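Please open the model in a viewer and keep the sequence at hand.

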Amino acid sequence: EEKPIFVRPAPEVVKKVWTDQWVKDYDRIQARLAFPGNGQAEVKLSPSPSMVRNAIGYAKSSKWVKEELLKLWHPAPGSDHPLVGIAWQLALLCVARIGECSSLRVNELARAILATEMNMFAGGLVFQLFSRVNHSCYPNVVFTAAKDEWKLKALRPIQHGDELTHAYLGEGLLMPTPQRRWHLWRSKCFFCICERCLAPVDPLRVVPCRFCAQEVKKLCCKRWTVVHKPGIWYRQTPSTTGGQIGFFKTGMRVETTGNFSGLWVEVDDKHSGWVLTHGQEVGLGELLRPEEGEEKNQQGGHRRKSWESMDAWATYGTIFFRTVAVNPPRFPESVDMDAVEDLQLPERYVLDPFSTDIAYAQFEGDHWHCKKCGRDERSEALLNLEAVLSRLAERTFYSPKIVQTEGFMKIDSSSKLAMVNADFLHNAILLAELVSSTLGHQHWTAQWARILFTDICGSLRAFAHKPPLHWEPLRDLCLLWDWLESLDLAQSPACWLRARADRLLSVREEVAMPAVEEEAIPWIEGLRRRCEGGEPP
(Lines give C-alpha, C1' and ligand atoms only; values in the text may rest on other atoms or scores of the structure.)
Protein backbone atom coordinates (compact mmCIF):
# COMPACT_ATOMS: atom_id res chain seq x y z
CA GLU A 1 0.00 0.00 0.00
CA GLU A 2 1.24 3.47 -0.86
CA LYS A 3 0.00 7.03 -1.22
CA PRO A 4 0.70 9.04 -4.38
CA ILE A 5 3.35 11.75 -4.40
CA PHE A 6 1.83 13.51 -7.42
CA VAL A 7 -1.74 13.94 -8.62
CA ARG A 8 -2.43 15.40 -12.06
CA PRO A 9 -4.35 18.71 -11.73
CA ALA A 10 -7.98 18.85 -12.84
CA PRO A 11 -8.75 19.86 -16.46
CA GLU A 12 -9.84 23.31 -15.30
CA VAL A 13 -6.21 24.38 -14.84
CA VAL A 14 -5.68 24.64 -18.59
CA LYS A 15 -8.82 26.63 -19.42
CA LYS A 16 -7.16 30.02 -19.02
CA VAL A 17 -4.23 28.83 -21.17
CA TRP A 18 -6.34 27.62 -24.09
CA THR A 19 -6.46 30.86 -26.10
CA ASP A 20 -6.64 31.02 -29.90
CA GLN A 21 -2.91 31.79 -30.13
CA TRP A 22 -2.07 28.92 -27.78
CA VAL A 23 -4.09 26.50 -29.92
CA LYS A 24 -2.24 27.61 -33.08
CA ASP A 25 1.18 27.09 -31.47
CA TYR A 26 0.09 23.89 -29.71
CA ASP A 27 -1.25 22.33 -32.93
CA ARG A 28 2.12 22.89 -34.63
CA ILE A 29 3.77 20.40 -32.26
CA GLN A 30 3.71 17.15 -34.23
CA ALA A 31 5.97 14.21 -35.06
CA ARG A 32 5.80 11.00 -37.06
CA LEU A 33 6.12 7.71 -35.19
CA ALA A 34 7.31 4.42 -36.72
CA PHE A 35 7.50 1.03 -35.03
CA PRO A 36 11.09 -0.23 -34.45
CA GLY A 37 12.31 -2.06 -37.54
CA ASN A 38 9.69 -0.42 -39.73
CA GLY A 39 11.18 2.43 -41.75
CA GLN A 40 7.84 3.90 -42.75
CA ALA A 41 6.18 6.47 -40.50
CA GLU A 42 2.93 4.94 -39.28
CA VAL A 43 1.10 7.57 -37.23
CA LYS A 44 1.17 11.23 -36.33
CA LEU A 45 1.99 12.04 -32.72
CA SER A 46 0.73 15.18 -30.99
CA PRO A 47 0.85 16.37 -27.38
CA SER A 48 -2.19 15.85 -25.18
CA PRO A 49 -3.88 18.32 -22.80
CA SER A 50 -2.97 15.94 -19.96
CA MET A 51 0.72 16.69 -20.64
CA VAL A 52 0.01 20.39 -20.12
CA ARG A 53 -1.77 19.58 -16.85
CA ASN A 54 1.25 17.51 -15.78
CA ALA A 55 3.56 20.41 -16.57
CA ILE A 56 1.49 22.82 -14.44
CA GLY A 57 1.25 20.25 -11.65
CA TYR A 58 5.03 19.76 -11.68
CA ALA A 59 5.63 23.51 -11.57
CA LYS A 60 3.43 23.80 -8.47
CA SER A 61 5.02 20.81 -6.69
CA SER A 62 7.47 21.00 -3.81
CA LYS A 63 11.20 20.68 -4.35
CA TRP A 64 11.18 17.14 -2.91
CA VAL A 65 8.37 15.98 -5.22
CA LYS A 66 10.15 17.46 -8.23
CA GLU A 67 13.33 15.58 -7.32
CA GLU A 68 11.46 12.31 -6.84
CA LEU A 69 9.60 12.66 -10.15
CA LEU A 70 12.83 13.24 -12.08
CA LYS A 71 14.35 10.10 -10.50
CA LEU A 72 11.70 7.94 -12.20
CA TRP A 73 12.53 6.31 -15.53
CA HIS A 74 11.91 8.33 -18.67
CA PRO A 75 13.58 8.47 -22.11
CA ALA A 76 16.89 10.32 -22.17
CA PRO A 77 16.84 13.82 -23.73
CA GLY A 78 18.92 12.49 -26.63
CA SER A 79 16.52 9.62 -27.41
CA ASP A 80 15.27 9.44 -30.98
CA HIS A 81 11.72 8.54 -29.89
CA PRO A 82 9.42 11.29 -31.27
CA LEU A 83 7.68 11.70 -27.92
CA VAL A 84 10.92 13.16 -26.51
CA GLY A 85 10.90 15.93 -29.14
CA ILE A 86 7.22 16.59 -28.51
CA ALA A 87 7.85 16.92 -24.74
CA TRP A 88 10.69 19.38 -25.40
CA GLN A 89 8.60 21.53 -27.76
CA LEU A 90 5.68 21.50 -25.33
CA ALA A 91 7.97 22.44 -22.43
CA LEU A 92 9.28 25.37 -24.48
CA LEU A 93 5.72 26.54 -25.10
CA CYS A 94 4.71 26.13 -21.44
CA VAL A 95 7.73 28.06 -20.14
CA ALA A 96 6.96 30.89 -22.57
CA ARG A 97 3.17 31.07 -22.09
CA ILE A 98 2.23 29.67 -18.65
CA GLY A 99 3.04 31.75 -15.62
CA GLU A 100 3.47 28.80 -13.25
CA CYS A 101 6.09 27.29 -15.59
CA SER A 102 8.00 30.45 -16.47
CA SER A 103 10.73 29.97 -13.85
CA LEU A 104 11.57 26.42 -14.95
CA ARG A 105 14.31 25.38 -17.35
CA VAL A 106 12.99 23.90 -20.58
CA ASN A 107 15.04 20.70 -20.29
CA GLU A 108 13.87 20.13 -16.72
CA LEU A 109 10.20 20.60 -17.63
CA ALA A 110 10.55 18.34 -20.69
CA ARG A 111 11.97 15.60 -18.46
CA ALA A 112 9.14 16.15 -15.95
CA ILE A 113 6.51 15.83 -18.70
CA LEU A 114 8.07 12.54 -19.84
CA ALA A 115 8.55 11.22 -16.29
CA THR A 116 4.92 11.78 -15.36
CA GLU A 117 3.67 10.44 -18.72
CA MET A 118 5.76 7.25 -18.42
CA ASN A 119 4.95 6.48 -14.77
CA MET A 120 1.38 7.58 -14.20
CA PHE A 121 -1.34 5.23 -12.96
CA ALA A 122 -5.07 5.45 -13.64
CA GLY A 123 -6.53 8.55 -12.08
CA GLY A 124 -3.46 10.67 -12.86
CA LEU A 125 -1.42 9.31 -9.93
CA VAL A 126 2.35 8.94 -9.59
CA PHE A 127 3.88 6.94 -6.73
CA GLN A 128 7.39 6.89 -5.31
CA LEU A 129 7.51 3.06 -5.22
CA PHE A 130 4.65 1.73 -7.37
CA SER A 131 5.78 3.83 -10.32
CA ARG A 132 9.11 1.96 -10.32
CA VAL A 133 7.45 -1.42 -10.93
CA ASN A 134 8.25 -2.68 -14.43
CA HIS A 135 5.70 -3.72 -17.02
CA SER A 136 4.84 -7.24 -18.10
CA CYS A 137 2.02 -8.51 -20.32
CA TYR A 138 1.93 -11.44 -17.86
CA PRO A 139 2.11 -9.49 -14.57
CA ASN A 140 2.19 -10.90 -11.06
CA VAL A 141 0.53 -7.90 -9.37
CA VAL A 142 -2.39 -5.64 -10.21
CA PHE A 143 -3.03 -2.05 -9.12
CA THR A 144 -6.24 -1.53 -7.14
CA ALA A 145 -7.74 1.77 -6.03
CA ALA A 146 -10.48 2.52 -3.53
CA LYS A 147 -11.26 5.66 -1.55
CA ASP A 148 -7.89 6.87 -0.20
CA GLU A 149 -6.45 3.35 -0.66
CA TRP A 150 -3.99 2.37 -3.37
CA LYS A 151 -2.51 -1.10 -3.41
CA LEU A 152 -0.62 -3.63 -5.49
CA LYS A 153 -2.34 -6.99 -5.11
CA ALA A 154 -0.72 -10.32 -5.98
CA LEU A 155 -2.27 -12.20 -8.91
CA ARG A 156 -0.49 -15.45 -8.02
CA PRO A 157 2.02 -16.69 -5.41
CA ILE A 158 5.25 -14.63 -5.50
CA GLN A 159 8.50 -16.10 -4.22
CA HIS A 160 11.10 -14.21 -2.23
CA GLY A 161 13.43 -12.47 -4.68
CA ASP A 162 10.91 -12.45 -7.57
CA GLU A 163 10.55 -9.16 -9.43
CA LEU A 164 7.16 -7.48 -9.12
CA THR A 165 5.61 -6.61 -12.47
CA HIS A 166 2.29 -5.05 -13.41
CA ALA A 167 0.65 -4.28 -16.74
CA TYR A 168 0.82 -0.76 -18.15
CA LEU A 169 -1.96 -1.78 -20.54
CA GLY A 170 -5.56 -2.17 -19.44
CA GLU A 171 -7.81 -4.09 -21.80
CA GLY A 172 -5.01 -3.75 -24.34
CA LEU A 173 -3.73 -6.98 -22.75
CA LEU A 174 -6.49 -8.70 -24.71
CA MET A 175 -4.74 -7.88 -27.98
CA PRO A 176 -2.04 -9.88 -29.81
CA THR A 177 1.67 -9.26 -29.41
CA PRO A 178 2.20 -6.80 -32.32
CA GLN A 179 -0.62 -4.54 -31.12
CA ARG A 180 0.50 -4.64 -27.47
CA ARG A 181 4.08 -3.80 -28.43
CA TRP A 182 2.90 -0.98 -30.65
CA HIS A 183 0.80 0.65 -27.89
CA LEU A 184 3.67 0.36 -25.41
CA TRP A 185 6.16 1.79 -27.89
CA ARG A 186 3.87 4.68 -28.76
CA SER A 187 2.93 5.65 -25.19
CA LYS A 188 5.78 4.34 -22.98
CA CYS A 189 8.73 4.46 -25.39
CA PHE A 190 9.93 0.86 -24.99
CA PHE A 191 9.80 -2.38 -26.98
CA CYS A 192 8.31 -5.10 -24.76
CA ILE A 193 10.30 -8.32 -24.31
CA CYS A 194 8.27 -9.87 -21.50
CA GLU A 195 7.71 -13.64 -21.43
CA ARG A 196 4.33 -13.33 -23.12
CA CYS A 197 5.65 -11.16 -25.96
CA LEU A 198 8.57 -13.55 -26.52
CA ALA A 199 6.39 -16.68 -26.49
CA PRO A 200 6.58 -18.62 -29.78
CA VAL A 201 2.78 -18.97 -30.02
CA ASP A 202 0.27 -16.09 -30.01
CA PRO A 203 -3.10 -17.59 -28.97
CA LEU A 204 -5.03 -14.42 -29.86
CA ARG A 205 -4.34 -14.91 -33.58
CA VAL A 206 -5.85 -18.38 -34.00
CA VAL A 207 -7.77 -18.99 -37.22
CA PRO A 208 -9.66 -22.04 -38.46
CA CYS A 209 -7.34 -24.39 -40.34
CA ARG A 210 -8.14 -23.95 -44.01
CA PHE A 211 -6.83 -27.40 -44.90
CA CYS A 212 -9.25 -28.96 -42.43
CA ALA A 213 -11.93 -26.55 -43.62
CA GLN A 214 -11.67 -27.98 -47.12
CA GLU A 215 -12.47 -31.38 -45.66
CA VAL A 216 -15.45 -29.87 -43.85
CA LYS A 217 -16.72 -28.36 -47.10
CA LYS A 218 -16.36 -31.75 -48.68
CA LEU A 219 -18.30 -33.45 -45.87
CA CYS A 220 -21.14 -30.96 -46.35
CA CYS A 221 -21.77 -32.37 -49.83
CA LYS A 222 -25.12 -34.13 -50.15
CA ARG A 223 -24.55 -36.53 -53.08
CA TRP A 224 -21.82 -39.15 -52.95
CA THR A 225 -20.73 -42.21 -54.90
CA VAL A 226 -19.35 -45.35 -53.24
CA VAL A 227 -15.81 -45.97 -54.59
CA HIS A 228 -14.56 -48.61 -52.14
CA LYS A 229 -14.81 -52.23 -53.28
CA PRO A 230 -16.96 -54.17 -52.70
CA GLY A 231 -18.85 -51.43 -50.82
CA ILE A 232 -19.43 -49.89 -47.37
CA TRP A 233 -21.65 -50.55 -44.36
CA TYR A 234 -24.45 -48.22 -43.41
CA ARG A 235 -24.53 -47.96 -39.57
CA GLN A 236 -26.84 -46.74 -36.80
CA THR A 237 -24.19 -44.51 -35.19
CA PRO A 238 -21.07 -42.74 -36.54
CA SER A 239 -18.75 -45.53 -35.40
CA THR A 240 -17.30 -48.73 -36.83
CA THR A 241 -18.89 -50.51 -33.87
CA GLY A 242 -22.36 -49.11 -34.63
CA GLY A 243 -25.11 -51.50 -35.61
CA GLN A 244 -25.34 -52.34 -39.32
CA ILE A 245 -28.45 -51.10 -41.13
CA GLY A 246 -27.49 -51.99 -44.68
CA PHE A 247 -24.74 -52.19 -47.29
CA PHE A 248 -24.00 -49.81 -50.18
CA LYS A 249 -22.25 -51.48 -53.11
CA THR A 250 -19.52 -49.88 -55.22
CA GLY A 251 -20.97 -47.36 -57.69
CA MET A 252 -24.16 -46.71 -55.73
CA ARG A 253 -25.27 -43.13 -55.08
CA VAL A 254 -25.70 -42.08 -51.43
CA GLU A 255 -27.84 -39.07 -50.50
CA THR A 256 -26.82 -37.34 -47.25
CA THR A 257 -28.28 -34.57 -45.07
CA GLY A 258 -25.15 -32.40 -44.97
CA ASN A 259 -24.59 -33.24 -41.30
CA PHE A 260 -21.39 -34.99 -40.30
CA SER A 261 -19.47 -36.24 -37.29
CA GLY A 262 -15.74 -36.57 -37.85
CA LEU A 263 -15.41 -38.37 -41.21
CA TRP A 264 -18.92 -39.81 -40.96
CA VAL A 265 -21.85 -38.33 -42.89
CA GLU A 266 -25.52 -38.75 -42.07
CA VAL A 267 -27.56 -40.60 -44.69
CA ASP A 268 -30.75 -38.89 -45.87
CA ASP A 269 -32.95 -41.92 -45.30
CA LYS A 270 -35.85 -42.99 -43.11
CA HIS A 271 -33.46 -45.14 -41.05
CA SER A 272 -31.28 -42.12 -40.17
CA GLY A 273 -27.93 -43.86 -40.31
CA TRP A 274 -24.28 -43.01 -40.99
CA VAL A 275 -21.57 -43.94 -43.48
CA LEU A 276 -17.80 -43.42 -43.29
CA THR A 277 -16.31 -41.28 -46.09
CA HIS A 278 -12.63 -42.16 -45.58
CA GLY A 279 -11.07 -45.16 -43.90
CA GLN A 280 -7.80 -43.59 -42.74
CA GLU A 281 -8.48 -44.63 -39.13
CA VAL A 282 -8.98 -48.29 -40.07
CA GLY A 283 -6.17 -48.61 -42.61
CA LEU A 284 -8.29 -47.96 -45.70
CA GLY A 285 -8.42 -45.13 -48.23
CA GLU A 286 -11.27 -43.18 -49.78
CA LEU A 287 -14.65 -44.89 -49.34
CA LEU A 288 -17.07 -42.26 -50.69
CA ARG A 289 -16.45 -39.53 -53.24
CA PRO A 290 -18.56 -36.38 -53.81
CA GLU A 291 -20.33 -36.52 -57.14
CA GLU A 292 -18.71 -34.42 -59.87
CA GLY A 293 -19.77 -30.79 -59.51
CA GLU A 294 -21.13 -31.26 -55.98
CA GLU A 295 -17.90 -30.39 -54.16
CA LYS A 296 -17.39 -27.43 -56.50
CA ASN A 297 -20.83 -26.12 -55.57
CA GLN A 298 -20.00 -26.38 -51.89
CA GLN A 299 -16.71 -24.53 -52.31
CA GLY A 300 -17.37 -21.84 -54.85
CA GLY A 301 -20.54 -22.38 -56.89
CA HIS A 302 -24.06 -21.08 -56.65
CA ARG A 303 -24.80 -22.78 -53.32
CA ARG A 304 -22.13 -20.91 -51.45
CA LYS A 305 -23.37 -17.95 -49.44
CA SER A 306 -21.40 -14.74 -49.60
CA TRP A 307 -19.91 -13.52 -46.32
CA GLU A 308 -22.34 -10.58 -46.32
CA SER A 309 -25.41 -12.84 -46.31
CA MET A 310 -24.38 -15.20 -43.49
CA ASP A 311 -25.73 -12.82 -40.84
CA ALA A 312 -23.80 -14.25 -37.89
CA TRP A 313 -24.21 -10.90 -36.11
CA ALA A 314 -27.51 -9.79 -37.61
CA THR A 315 -29.45 -9.97 -34.35
CA TYR A 316 -27.40 -7.12 -32.93
CA GLY A 317 -28.76 -4.99 -35.76
CA THR A 318 -32.31 -5.69 -34.55
CA ILE A 319 -31.26 -4.81 -30.98
CA PHE A 320 -29.54 -1.55 -31.90
CA PHE A 321 -31.69 -0.16 -34.72
CA ARG A 322 -35.28 0.43 -35.70
CA THR A 323 -34.39 1.32 -39.27
CA VAL A 324 -31.74 0.34 -41.81
CA ALA A 325 -28.53 2.32 -42.20
CA VAL A 326 -28.90 5.79 -43.68
CA ASN A 327 -25.72 5.28 -45.69
CA PRO A 328 -24.82 1.77 -46.94
CA PRO A 329 -21.92 0.38 -44.85
CA ARG A 330 -18.65 0.27 -46.75
CA PHE A 331 -15.02 -0.57 -46.20
CA PRO A 332 -11.85 1.34 -47.06
CA GLU A 333 -10.13 0.52 -50.32
CA SER A 334 -7.40 -1.21 -48.29
CA VAL A 335 -9.67 -4.25 -47.92
CA ASP A 336 -9.07 -6.66 -50.81
CA MET A 337 -12.60 -7.99 -51.39
CA ASP A 338 -11.32 -10.60 -53.86
CA ALA A 339 -9.14 -11.99 -51.07
CA VAL A 340 -12.16 -11.94 -48.76
CA GLU A 341 -14.12 -14.12 -51.17
CA ASP A 342 -11.17 -16.48 -51.71
CA LEU A 343 -10.55 -16.87 -47.96
CA GLN A 344 -14.19 -17.21 -46.91
CA LEU A 345 -14.79 -19.98 -44.37
CA PRO A 346 -17.52 -22.64 -44.60
CA GLU A 347 -20.93 -21.43 -43.51
CA ARG A 348 -21.12 -23.66 -40.43
CA TYR A 349 -17.81 -22.20 -39.18
CA VAL A 350 -19.37 -18.74 -39.23
CA LEU A 351 -22.86 -19.46 -37.93
CA ASP A 352 -21.92 -21.83 -35.09
CA PRO A 353 -19.18 -20.36 -32.88
CA PHE A 354 -19.60 -23.27 -30.43
CA SER A 355 -18.96 -25.96 -33.07
CA THR A 356 -16.54 -28.67 -31.91
CA ASP A 357 -15.88 -29.72 -35.52
CA ILE A 358 -13.65 -26.71 -36.18
CA ALA A 359 -9.89 -27.32 -36.13
CA TYR A 360 -7.94 -24.18 -35.23
CA ALA A 361 -4.42 -23.25 -36.31
CA GLN A 362 -2.16 -21.42 -33.85
CA PHE A 363 0.05 -18.55 -34.98
CA GLU A 364 3.69 -19.53 -34.53
CA GLY A 365 6.41 -17.07 -35.53
CA ASP A 366 5.39 -16.14 -39.08
CA HIS A 367 2.76 -18.74 -39.95
CA TRP A 368 -0.20 -20.70 -38.63
CA HIS A 369 0.16 -24.35 -37.61
CA CYS A 370 -2.70 -26.84 -37.18
CA LYS A 371 -2.06 -29.61 -34.66
CA LYS A 372 -4.92 -31.69 -36.04
CA CYS A 373 -3.64 -32.10 -39.59
CA GLY A 374 -0.03 -31.06 -38.92
CA ARG A 375 0.09 -28.62 -41.82
CA ASP A 376 1.33 -25.01 -41.91
CA GLU A 377 -0.57 -22.08 -43.40
CA ARG A 378 1.80 -19.53 -44.95
CA SER A 379 -0.63 -17.74 -47.26
CA GLU A 380 0.51 -14.19 -47.96
CA ALA A 381 -3.09 -13.32 -48.85
CA LEU A 382 -4.27 -14.43 -45.39
CA LEU A 383 -1.44 -12.59 -43.60
CA ASN A 384 -2.17 -9.40 -45.54
CA LEU A 385 -5.92 -9.63 -44.96
CA GLU A 386 -5.39 -10.25 -41.24
CA ALA A 387 -3.14 -7.18 -41.02
CA VAL A 388 -5.72 -4.94 -42.71
CA LEU A 389 -8.68 -6.30 -40.73
CA SER A 390 -6.71 -6.03 -37.49
CA ARG A 391 -6.11 -2.33 -38.08
CA LEU A 392 -9.80 -1.79 -38.84
CA ALA A 393 -10.88 -3.85 -35.82
CA GLU A 394 -8.56 -1.98 -33.48
CA ARG A 395 -9.88 1.35 -34.73
CA THR A 396 -13.51 0.17 -34.55
CA PHE A 397 -13.80 -2.22 -31.60
CA TYR A 398 -10.96 -1.12 -29.29
CA SER A 399 -9.94 2.49 -29.90
CA PRO A 400 -11.50 5.21 -27.73
CA LYS A 401 -12.55 6.83 -31.00
CA ILE A 402 -15.47 4.36 -31.13
CA VAL A 403 -17.64 6.96 -29.40
CA GLN A 404 -18.56 8.78 -32.57
CA THR A 405 -21.38 10.80 -31.09
CA GLU A 406 -24.40 12.29 -32.75
CA GLY A 407 -25.03 14.38 -29.64
CA PHE A 408 -25.72 14.00 -25.96
CA MET A 409 -28.81 13.17 -23.94
CA LYS A 410 -28.94 14.96 -20.60
CA ILE A 411 -29.50 12.58 -17.68
CA ASP A 412 -29.31 14.98 -14.74
CA SER A 413 -27.69 18.29 -13.85
CA SER A 414 -24.18 16.80 -13.79
CA SER A 415 -24.13 13.94 -16.32
CA LYS A 416 -25.03 13.19 -19.91
CA LEU A 417 -25.10 10.12 -22.15
CA ALA A 418 -23.27 10.04 -25.48
CA MET A 419 -25.35 8.78 -28.39
CA VAL A 420 -23.26 6.63 -30.72
CA ASN A 421 -23.39 7.30 -34.44
CA ALA A 422 -25.76 4.79 -36.09
CA ASP A 423 -23.78 4.51 -39.33
CA PHE A 424 -20.70 3.70 -37.28
CA LEU A 425 -22.54 0.81 -35.61
CA HIS A 426 -23.84 -0.48 -38.95
CA ASN A 427 -20.25 -0.56 -40.20
CA ALA A 428 -19.10 -2.23 -36.97
CA ILE A 429 -21.62 -5.06 -37.45
CA LEU A 430 -20.56 -5.48 -41.08
CA LEU A 431 -16.90 -5.60 -40.02
CA ALA A 432 -17.78 -8.26 -37.44
CA GLU A 433 -19.39 -10.32 -40.22
CA LEU A 434 -16.25 -9.89 -42.30
CA VAL A 435 -13.71 -10.91 -39.65
CA SER A 436 -15.73 -13.92 -38.45
CA SER A 437 -16.24 -15.08 -42.06
CA THR A 438 -12.51 -14.99 -42.86
CA LEU A 439 -10.57 -15.16 -39.57
CA GLY A 440 -13.10 -17.11 -37.50
CA HIS A 441 -14.81 -16.57 -34.16
CA GLN A 442 -11.74 -17.32 -32.02
CA HIS A 443 -9.58 -14.60 -33.58
CA TRP A 444 -9.12 -11.55 -31.37
CA THR A 445 -10.88 -9.26 -33.86
CA ALA A 446 -14.16 -11.21 -33.54
CA GLN A 447 -13.79 -11.33 -29.76
CA TRP A 448 -13.38 -7.57 -29.58
CA ALA A 449 -16.55 -7.19 -31.65
CA ARG A 450 -18.30 -9.16 -28.89
CA ILE A 451 -16.86 -6.83 -26.26
CA LEU A 452 -18.13 -3.73 -28.08
CA PHE A 453 -21.61 -5.13 -28.77
CA THR A 454 -22.16 -6.53 -25.26
CA ASP A 455 -21.03 -3.21 -23.79
CA ILE A 456 -23.60 -1.37 -25.89
CA CYS A 457 -26.29 -3.87 -24.84
CA GLY A 458 -25.31 -3.28 -21.22
CA SER A 459 -25.69 0.46 -21.69
CA LEU A 460 -29.08 0.00 -23.34
CA ARG A 461 -30.27 -2.04 -20.38
CA ALA A 462 -28.90 0.51 -17.92
CA PHE A 463 -30.70 3.47 -19.47
CA ALA A 464 -33.75 2.03 -21.25
CA HIS A 465 -37.19 1.79 -19.62
CA LYS A 466 -38.03 -1.90 -19.02
CA PRO A 467 -35.38 -3.12 -21.47
CA PRO A 468 -35.82 -6.62 -22.93
CA LEU A 469 -33.25 -9.27 -22.05
CA HIS A 470 -31.67 -10.52 -25.28
CA TRP A 471 -29.88 -13.83 -25.31
CA GLU A 472 -27.13 -12.85 -27.79
CA PRO A 473 -25.05 -10.64 -25.43
CA LEU A 474 -25.44 -13.27 -22.69
CA ARG A 475 -24.20 -15.95 -25.06
CA ASP A 476 -21.33 -13.75 -26.21
CA LEU A 477 -20.23 -13.02 -22.64
CA CYS A 478 -20.10 -16.79 -22.08
CA LEU A 479 -18.03 -17.14 -25.25
CA LEU A 480 -15.71 -14.34 -24.11
CA TRP A 481 -15.34 -15.93 -20.69
CA ASP A 482 -14.32 -19.28 -22.19
CA TRP A 483 -11.97 -17.55 -24.63
CA LEU A 484 -10.20 -15.66 -21.85
CA GLU A 485 -9.83 -18.84 -19.82
CA SER A 486 -8.20 -20.54 -22.81
CA LEU A 487 -5.59 -17.75 -23.09
CA ASP A 488 -4.06 -18.54 -19.67
CA LEU A 489 -3.66 -14.87 -18.77
CA ALA A 490 -2.41 -13.68 -15.40
CA GLN A 491 -5.84 -12.22 -14.62
CA SER A 492 -9.05 -14.16 -14.15
CA PRO A 493 -11.74 -13.64 -16.83
CA ALA A 494 -13.79 -12.12 -14.01
CA CYS A 495 -11.41 -9.12 -14.03
CA TRP A 496 -12.65 -8.20 -17.49
CA LEU A 497 -16.19 -9.57 -17.56
CA ARG A 498 -17.71 -9.67 -14.07
CA ALA A 499 -18.86 -6.04 -14.14
CA ARG A 500 -20.19 -6.52 -17.68
CA ALA A 501 -22.15 -9.59 -16.59
CA ASP A 502 -23.56 -7.78 -13.56
CA ARG A 503 -24.72 -4.94 -15.76
CA LEU A 504 -26.64 -7.30 -18.05
CA LEU A 505 -28.11 -9.43 -15.25
CA SER A 506 -28.70 -6.91 -12.46
CA VAL A 507 -32.05 -5.60 -13.66
CA ARG A 508 -33.49 -8.94 -14.73
CA GLU A 509 -36.15 -8.91 -12.05
CA GLU A 510 -37.57 -5.63 -13.37
CA VAL A 511 -37.86 -6.85 -16.95
CA ALA A 512 -41.16 -7.65 -18.57
CA MET A 513 -40.16 -11.07 -19.85
CA PRO A 514 -40.12 -11.13 -23.66
CA ALA A 515 -40.68 -14.19 -25.82
CA VAL A 516 -36.93 -14.61 -26.30
CA GLU A 517 -36.48 -15.02 -22.53
CA GLU A 518 -36.78 -18.79 -22.87
CA GLU A 519 -33.68 -18.80 -25.10
CA ALA A 520 -31.88 -16.53 -22.65
CA ILE A 521 -32.38 -18.72 -19.57
CA PRO A 522 -29.55 -21.25 -20.23
CA TRP A 523 -27.16 -18.39 -20.99
CA ILE A 524 -28.18 -16.59 -17.80
CA GLU A 525 -27.46 -19.74 -15.84
CA GLY A 526 -24.17 -20.32 -17.65
CA LEU A 527 -23.03 -16.75 -17.05
CA ARG A 528 -23.94 -16.89 -13.37
CA ARG A 529 -22.02 -20.15 -12.95
CA ARG A 530 -18.96 -18.53 -14.46
CA CYS A 531 -19.28 -15.45 -12.25
CA GLU A 532 -19.61 -17.56 -9.12
CA GLY A 533 -16.45 -19.46 -10.03
CA GLY A 534 -14.05 -16.52 -9.91
CA GLU A 535 -14.04 -13.10 -8.30
CA PRO A 536 -11.92 -10.30 -9.80
CA PRO A 537 -8.90 -9.33 -7.68
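Leaving aside neighbours within four places in sequence, which residues is F320 in contact with? In this predicted model, select F320 and display its surroundings: the contacts are L425, I429, F453, I456, C457 and L460. F320 belongs to the largest nonpolar core, a set of 74 residues, in which F320, F397 and F453 touch the most other members. Another core, of 44 residues, lies apart from it; I5, A31, C101 and A112 are among its members. In soluble globular proteins, nonpolar side chains tend to be buried together.

Next, zoom out to the whole chain. Its secondary structure comprises 17 helices and 21 strands. Of the 537 residues, 49% are buried. Among contacts with a separation of 6 or more, 68% join residues 24 or more positions apart. The accessible surface comes to about 27000 Å², and carbon and sulfur atoms contribute 51% of that area.

Now select residues 231-235, which form strand β11 and include Y234. Is Y234 buried or exposed? Y234 is buried, because its relative accessible area is 4%, under the 20% limit for that class.

For the surface, turn to F191, which is found in the loop between α6 (177-188) and β9 (201-208). F191 is partly exposed, at 35% relative accessibility. Together with I193 and L198, F191 makes a nonpolar surface patch of about 310 Å².

Follow the chain from this loop into β9. An open sheet of four strands runs in the order β9-β17-β18-β19, with antiparallel pairing. The partner of β9 is β17 (residues 360-364), joined to it in the antiparallel sense over four bridges. To locate this pairing, select V201 and E364, which stand opposite each other.

A hairpin is the next stop. Select β6 (residues 141-146) and β7 (residues 149-154), an antiparallel pair with six bridges. T144 has K151 of β7 as its bridge partner. Two residues lie between the strands of this hairpin, and D148 takes a positive phi near 60°.

The whole structure contains 19 salt bridges.

- Select D25 and R28, whose side chains meet at 2.5 Å, N to O. D25 is buried at 14% relative accessibility, whereas R28 is exposed at 58%.
- Select K71 and E68, which form a salt bridge at 3.0 Å, N to O. They are separated by about one helical turn because they are three residues apart in helix α3 (residues 63-71). K71 is exposed, with a relative accessible area of 55%, while E68 is buried at 6%.
- Select E108 and R105, which form a salt bridge at 3.7 Å, N to O. E108 counts as buried at 15% relative accessibility, and R105 is exposed at 55%.

To finish, select R223, R253, E255 and E291, which salt bridges with shared partners join into one network.

Key. Residues are numbered from 1 along each chain as its sequence is written. This is a predicted model: local features need pLDDT of at least 70, side-chain atom pairs count only at pLDDT 80 or more; totals for chains, interfaces and linings use all residues. Side-chain values use heavy atoms; hydrogens and water are left out. Buried means under 20% relative accessible area, exposed over 50%, partly exposed in between (1.4 Å probe, protein chains only). Contact means heavy atoms within 4.5 Å. Accessible areas come from the Shrake-Rupley method with a 1.4 Å probe; for residues, only the protein chains shown count as cover. A nonpolar core is a set of buried Ala, Val, Leu, Ile, Met, Phe, Trp, Tyr and Cys residues joined through side-chain atoms within 4.5 Å. Patches are made of residues with over 30% relative accessible area and no salt bridge: like charges are joined within 9 Å, nonpolar side chains (Val, Leu, Ile, Met, Phe, Trp, Tyr) within 5 Å. A salt bridge is a side-chain nitrogen of Lys or Arg within 4 Å of a carboxyl oxygen of Asp or Glu. Two strands pair if DSSP finds at least two bridges between them.
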